[in-house]
Amino acid sequence: MEGYETHDYDVVVVGAGGAGIRAAIEASAQGARTALICKSLLGKAHTVMAEGGIAAALGNVWPEDNWKVHFRDTMRGGKLVNNWRMAQIHAQEAPDRVLELEEWGALFDRTKDGLILQRDFAGHRYARLGHVGDRTGLEMIRTLQQRAVHKGIDVFMECTIQTLLKDGDRVCGAFGYWRESGKFVLFSARAVVLATGGIGKAWKITSNSWEYTADGHAMGLLAGAELIDMEFVQFHPTGMVWPPSVRGILVTEGVRGDGGVLRNTEGRRFMFDYISDFFRAETADTEAEGDRWYDDHHNNRRPPELLPRDEVARAINSEVKAGRGTPAGGVLLDIASRMPAEKIRRRLPSMYHQFKELAGVDITATPMEVGPTCHYVMGGVRVDADSTASTVPGLFAAGECAGGLHGSNRLGGNSLSDLVVFGRRAGLYAAEYARSQAGAPRIDAGQVDEAARAALAPFEGTGAENPYSIHADLQQTMQDLVGIIRRGDELDKALVELEALEERTERMTVTGNRQFNPGWHLALDLRNMLEISKVVTHCALARKESRGGHTREDYPTTDPHFAQVNHVVRRRPDGGIDLREEPIPEMPAELKALFEEQK
Amino acid sequence: MAADTPGARGVPDKQSVTMRIWRGDGTGGAFTDYAVPLREGVVVLDVMFDIQATQAGDLAVRWNCKAGKCGSCSAEINGHPRLMCMTRMDTLPVEEPITVAPMKTFPVIKDLVTDVSFNFEMAKTVPAFAPKPPDADGKRRMFQEDIDRAQEFHKCIECFLCQDVCHVIRDHEENKRNFAGPRFFVRLAALEMHPLDTNNRLELIREQYGLGFCNITKCCTVVCPENIHITDNAIIPLKERVVTEFQDPVVKLWRRIRGQR
């Protein structure tokens with residue numbers, strides 16, 4: 001085969017969002033020779049789009065808040081199938097990680113006392129989200145990016161990793177291509193951290209960018225790692241619905257956290273009709289009580305607009321189905337009648353800008369039209385809670401591409417904190433693992449040749465299939481058949497369609513040359529999306545109940561059996577998928593007690 | 001879809017539009033016309049996706065968030081530096097061909113994708129944030145009114161449109177060695193006005209970053225998609241600080257008395 005450039009590092013981090021950059025900073029601080037590799041330019045990863053804030057029990061607004069309350073909220077938000085140890089570490093360490101960002105130059109909005117201001121968000125008992133207006137992700141990624149740059153970490157931008165390389169059982173490197181030139185590049189590594197984000201580009205209505213093509217999930221699976229709970233996909237309740245071209249773009253939950261309410265076209269605050277038994281005791285049952293809660297959390301219960309995302313998304317879906325939605329298929333999110341215009345522009349500047357520019361709507365005067373949009377995958381690479389190690393030696397995972405922390409549904413604000421808490425741990429333990437590896441990694445030329453051949457195959461195709469149309473059809477299949485509400489027969493149909501799509505990829509041909517060729521890049525990313533779409537569908541078929549981000553019309557309630565199990569997936573050498581149930585890890589008594597006393 | 005009904009909410013009357021897109025690479029290129037159907041509410045970036053999917057699969061475009069938050073899809077649309085994701089087609093004169101060209105200040109890689117590494121190299125040279133010690137109780141206190149200005153600068157999405165439009169480097173490649181550009185004046189101002197920072201970068205700002213080259217034409221402010229007041233709030237205050245630091249006779253006298261410099 002043609003020559004390729006090679007680099008040797010102790011730790012290679014794939015992905016440069018919050019988790020990847022934080023991992024690289026830590027690995028480098030531990031003395032590991034560290035490479036940070038990303039598909040886009042540095043600072044453009046999905047983290048930049050996070051809006052509402054970062055959840056951490058700092059107690060700046062409500063001194064009663066502490067990690068135990070945050071832990072309990074996270075577990076309940078995930079309907080208790082979360083990995084309790086991850087949820088514990090996350091809640092305990094998030095405050096330090098937020099303060100560390102401040103130490104590195106981040107400027108969060110302030111309380112009157114000069115501390116980090118915290119805002120209310122769905123599912124969080126207390127105002128807990130450190131934020132910068134509604135552009136918290138930008139502040140976070142820029143702070144981390146500048147830290148990494150000043151620490152002199154080697155960054156490989158616009159470089160796509162395609163395949164993990166193995167030396168026996170362990171991971172020993174990564175192989176991919178420069179997007180600019182199309183030329184191949186090989187990284188030998190003692191440890192690899194996957195921080196590639198999510199899978200949402202497999203759905204049609206999505207808040208996710210072109211990068212979210214399940215790369216880490218698929219590369220991990222192909223390298224022998226186990227995935228966990230892949231049926232749990234979060235549909236954020238509030239994406240834009242009009243105009244059609246912006247459908248799916250995120251509208252921050254901060255709108256509801258700051259007092260925004262949802263109404264149907266009959267003007268009713270319909271969320272009061274959708275309070276599930278699980279949350280009834282802690283949710284207001286009148287508008288007056290819900291409105292009072294913003295100023296007095298002690299004597300009132302939270303409004304149902306601040307139920308976790310899965311609950312709100314399903315409710316919106318039902319309202320639209322019942323004919324009480326807008327012509328474009330949304331409901332109305334009203335902040336205009338709840339807050340002075342000036343305050344809206346200060347608290348939600350980027351929402352104001354986004355609606356003004358893209359929809360011609362002034363949100364200080366008119367309600368926003370919103371509906372569910374594919375946003376996040378709770379499932380991911382199965383990791384050890386403390387070390388983020390996957391089931392493959394030398395392979396670690398952090399951030400969205402790792403599973404377990406969020407259970408069946410993630411609370412808003414828990415993603416940014418997840419990134420820095422487990423990003424740091426991934427860097428720390430990957431560096432430690434790398435140190436323990438004596439000899440240089442042995443690269444198997446056969447694996448490299450095979451990866452290179454697969455990468456170039458779309459240029460040699462003679463078929464009439466075009467990657468863009470296969471992708472569009474994949475998105476339609478997942479949207480229609482593996483979406484927010486699922487059914488056994490439709491999931492079966494999805495598997496058949498996914499099979500057919502996979503066959504079509506064999507007849508796929510790309511035009512042009514290897515230099516910055518988006519058609520070629522998509523053709524290669526399709527493999528990952530198809531692989532993981534199948535896994536999601538298999539897991540969704542197997543979980544015969546409704547829980548969190550997984551709703552089955554044919555099994556509409558939770559089931560005591562499934563309350564006790566996680567789904568674990570492995571890939572067989574023949575390419576088939578092995579799915580098994582594993583009992584959820586048993587929570588220690590002192591943590592269990594938290595769920596008794598705070599009811 | 002019901003909302004696709006033509007005529008609803010500002011749908012352009014015209015059924016299709018000609019996009020005149022610069023295609024080529026570092027060795028040269030030319031504008032190519034693509035006829036594209038117009039759909040309701042689309043932005044320029046949507047039209048690029050249409051062209052990729054149906055006419056030119058290899059059309060090179062950078063993008064990520066598609067919501068004006070990441071600053072990836074910068075280009076020159078009918079000669080104006082803009083984000084493609086935030087430029088609605090119904091704000092453009094679609095009866096004429098719409099030209100889309102790469103940013104001129106940076107070398108072309110391919111089509112609309114340029115080599116913006118100048119900015120990433122410049123970023124490496126900026127002296128890091130260096131905070132003063134925390135308060136006695138270990139906490140850090142800053143008041144909102146003291147960070148409002150720096151927060152304005154932190155809104156920067158690094159689209160580099162201000163760098164693109166800045167005439168100091170747009171037409172003078174040789175100045176790139178001695179001039180950091182508006183993006184970095186915003187970054188330097190953010191650091192200089194950060195209530196906790198202790199580094200002094202004024203010497204660098206005057207010498208290495210070439211603040212004096214800027215003659216306040218405000219082109220950068222005009223193109224900023226985040227509406228950062230680059231000239232008024234970042235560049236002019238930095239110029240004032242530089243003058244105070246290096247030219248102010250009172251400061252100079254004081255230094256002589258104190259035996260500094």
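Predicted model: local features only at pLDDT ≥ 70, side-chain atom pairs only at ≥ 80, totals over all residues.
1. Chain B, make-up and dimensions. Chain B contains ten helices and seven strands. Along the principal axes, its C-alpha atoms occupy a box of roughly 75 × 45 × 30 Å. Of the 261 residues in chain B, 44% are buried.

2. Chain A has 17 helices and 18 strands. Its box, again over C-alpha atoms and along the principal axes, is roughly 70 × 50 × 50 Å. Buried residues account for 63% of the 599 residues in chain A. Among the contacts in chain A with a separation of 6 or more, 74% are between residues 24 or more positions apart.

3. Is chain A compact or extended by its radius of gyration? A compact globule of 599 residues would have a radius of gyration near 25 Å, and chain A has 23 Å, so the value agrees with a compact globule.

4. Domains of chain A. Chain A is divided into three parts: domain 1 (5-234 + 375-436), domain 2 (239-372) and domain 3 (451-557). Note that domain 1 is written as two stretches of sequence, 5-234 and 375-436, and that the range of domain 2, 239-372, falls between them.

5. Domain 1 against domain 3 in chain A. The centres of these two domains, taken over C-alpha atoms, are 24 Å apart. In the contact, 35 residues of domain 1 of chain A meet 29 residues of domain 3 of chain A. On the domain 1 side, β7 (159-167), β8 (170-178), α5 (215-222) and β11 (233-240) of chain A each supply at least two residues. The largest share comes from α5(A), with four residues. By class, this side of domain 1 has 16 nonpolar, twelve polar and seven charged residues.

6. A sheet in chain A. Strand β11 of chain A, already named in the domain contact, also belongs to an open sheet of four strands. The order is β11-β14-β13-β12 (chain A), and the pairing is antiparallel. Which strands stand at the edges? They are β11 and β12 (261-263) of chain A; each has a single partner strand, so one side of each is left without a neighbour in the sheet. Neighbouring strands of this sheet are turned against each other by 45 degrees on average, direction ignored.

7. One strand pair in detail. β12(A) pairs with strand β13 (residues 331-334) of chain A in the antiparallel sense, over three bridges. For a specific place to look in the structure, take A:Arg263, whose bridge partner in β13(A) is A:Leu332.

8. Where the two chains meet. How many residues does each chain bring to the contact? Chain B brings 52 residues and chain A brings 51 residues. On the chain B side, α1 (44-54), β6 (108-110), α2 (117-125) and α3 (144-154) each supply at least two residues. The largest share is the five residues from α3(B). By class, the side of chain B that touches chain A divides into 26 nonpolar, eleven polar and 15 charged residues.

Terms used:
Residues numbered from 1 in each chain as written. Chains lettered and ligands numbered in written order. Contact = placed C-beta atoms within 7 Å. Nonpolar A, V, L, I, M, F, W, Y, C, P; charged D, E, K, R; others polar. Domains from an automatic or database assignment. Rg over C-alpha atoms; globule rule 2.2 N^0.38 Å. Buried ≥ 20, exposed ≤ 12 C-beta atoms within 10 Å, placed from the backbone. Pairing = 2+ DSSP bridges. Axes fitted to C-alpha atoms, helices over the stretch in contact; angles between N-to-C directions.
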